Amino acid sequence: MSKVKFELEFPVHASPSMLYQCLATPSGLEEWFADRVNSRGKIMTFIWDGSEEEAKIVTKKNNELIKFKWTESEGDESYFEFRIQVDPLTKDVAIIITDFADDEDDAEEAKLLWENQIENLKHNIGA
């Protein structure tokens with residue numbers, strides 16, 4: 001079964017390097033994304049309310065992007081990615097999130113979840 005890919009863009013008033021720390025490090029991700037995050041090499045374990053999910057870091061570019069693949073979804077094309085985009089003229093910074101869902105309804109639910117998560121991120125960094 002193929003998944004539904006979607007992208008969301010959120011303007012954020014923060015430097016790319018500060019934002020990258022929030023998106024790519026266990027301590028940064030614990031601030032807004034998961035209750036706890038453990039890292040072993042390229043494997044990150046995300047913990048929410050006692051349940052654990054593992055993701056492998058597929059691609060990492062300092063201050064630009066980090067792409068994860070859930071270990072439970074090894075058999076499909078899905079991943080989730082945080083990309084930091086800086087407008088060359090205005091220097092405005094945005095996070096672009098790429099994610100996948102099982103169907104359109106799940107995609108809508110996932111978009112709302114990402115919006116809430118990014119609000120938490122912005123609140124924590126004062127952006």
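User: What should I keep in mind about numbering and confidence?
Analyst: Residues are numbered from 1 along each chain as its sequence is written, and side-chain values use heavy atoms, with hydrogens and water left out. In this predicted model, local features need pLDDT of at least 70 and side-chain atom pairs count only at pLDDT 80 or more, while totals for chains, interfaces and linings use all residues.

User: Why is Asp49 called exposed?
Analyst: Exposed means over 50% relative accessible area, buried under 20%, and partly exposed in between (1.4 Å probe, protein chains only). Asp49 has 77% relative accessibility, so Asp49 counts as exposed. Asp49 sits in the loop between S3 and strand S4 (51-61), and has a positive phi of about 45 degrees although it is not a glycine.

User: And why is Lys91 called exposed?
Analyst: The relative accessible area of Lys91 is 57%, so Lys91 is exposed. Lys91 lies in the loop between strand S6 (80-86) and S7, and its phi, near 65 degrees, is a positive value in a residue other than glycine.

User: What makes S2 and S3 a pair of strands?
Analyst: Two strands pair if DSSP finds at least two bridges between them. Five bridges join strand S2 (residues 36-40) to strand S3 (residues 43-48), and the two run antiparallel. Strands here are DSSP runs of E with at least two residues, helices are runs of H or I with at least four, and both are numbered from the N terminus. Ser39 stands opposite Met44 in S3. The hairpin of S2 and S3 has two residues between the strands, and Gly41 there takes a positive phi near 65 degrees.

User: What lines the largest pocket?
Analyst: A pocket is an open set of points on a 1 Å grid where a 1.4 Å probe fits, with protein on both sides within 12 Å along at least five of seven lines; lining residues have an atom within 4 Å of a point. The largest pocket holds about 630 Å³ of space. Its lining has 20 residues, with Trp70, Asp99, Phe100, Ala110 and Leu113 nearest the centre. Strand S7 (93-101) and helix H3 (104-125) each give two or more residues to that lining, and H3 provides the largest share, six residues.

Note on methods
Grid points are joined across faces, edges and corners, and a volume is the space filled by probe spheres set on the points.
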